[in-house]
Amino acid sequence: MERALVERAQAGDEDAFTAIATAVGGRLLAVAYRILRDLGLAEDAVQQALVAAWRELPMLRDPDRFDAWLYRLLVNACYREARRSRRFAANVRVLPVEDLSIPDAALSVAQRDQLERGFRRLPPEQRAVFAFRHYLGLTEPEIATQLELPLGTVKSRLHYARVSMRAALEADLRPARESSRERLA
């Protein structure tokens, strides 16, 4: 984020903060959704993070660290939302269809559903580091810096998230393999 804009917002310039919120809002929502897996909860977490940012911005010591500070506020808001709700309902949205003549290069619906179920089984702390690693593309040391966590904690959470995801995916595949074997027998 541009340092001058952050400094103006720190001084109480509402227009500067609005510009910041507009610039980062989409990214914050994308990260929050990947952590919470629910659009409504993600929107609430982003709103909480932005309100906290506005209130606490004058106390930010280093404007150059604004992005990391804002991500920490967002992750903490996501944790609060996850604890508050303790529910994970399927969130189905109708998306506009663009061009059906172009084959979908993305994962099949079944694979995406399987990944979604595995991801929902992870605790929010593991989802957060997983999203920072695989969605934002941050390295483990960068995640540790962004979230102010020890590097070992980040590595541990990523390890357990991967193990849990792998186990969930394999468990989902087991019934399909067994039913195909029964058909062959």
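The questions and answers below go from the overall fold to one helix pair and then to the voids.

User: Before we start, what kind of model is this?

Analyst: Residues are numbered from 1 along each chain as its sequence is written, and side-chain values use heavy atoms, with hydrogens and water left out. Local features need pLDDT of at least 70, side-chain atom pairs count only at pLDDT 80 or more, and totals for chains, interfaces and linings use all residues, since the model is predicted.

User: How many helices and strands does the protein chain have?

Analyst: Helices (H or I, at least four residues) and strands (E, at least two) are DSSP runs, numbered from the N terminus. Read from that end, the elements go α-α-α-α-α-α-α-α. The tally is eight helices and zero strands.

User: What share of the residues counts as buried?

Analyst: Buried is under 20% relative accessible area, with a 1.4 Å probe and protein chains only. Out of 185 residues in the protein chain, the buried share is 37%.

User: How are H4 and H7 oriented to each other?

Analyst: Axes are lines fitted to C-alpha atoms, for helices over the stretch in contact, and angles run from 0 to 180 degrees between N-to-C directions. H4 (residues 66-85) and H7 (residues 140-147) pack with axes 8 Å apart, at an angle of about 75 degrees. Angles of 65 to 115 degrees fall in one class, so H4 is to H7 roughly perpendicular.

User: Which residues of H7 make the contact with H4?

Analyst: Contact means heavy atoms within 4.5 Å. H4 brings Asp67, Ala68, Tyr71, Arg72 and Val75. Facing them from H7 are Thr145, Gln146 and Leu147.

User: Which elements give two or more residues to the lining of the largest cavity?

Analyst: On a 1 Å grid over the protein atoms alone, a cavity is a set of points where a 1.4 Å probe fits but cannot get out, and lining residues have an atom within 4 Å of a point. Val24, Arg27, Leu28, Asp67, Leu70 and Tyr71 line it. The elements asked for are helix H2 (14-36) and H4.

User: How many charged residues are in the lining of the second largest pocket?

Analyst: A pocket is an open set with protein on both sides within 12 Å along at least five of seven lines, and the second largest pocket holds about 200 Å³. Its lining includes Glu56, Arg61, Asp62 and Trp69. Asp, Glu, Lys and Arg count as charged. The lining has three nonpolar residues, no polar ones, and the charged number six.

Note on methods: Parallel < 35°, antiparallel > 145°, perpendicular 65-115°, else oblique. Points joined across faces, edges and corners; volume = space filled by probe spheres on them. Buried < 20%, exposed > 50% of the residue type's maximum accessible area, 1.4 Å probe, protein only.
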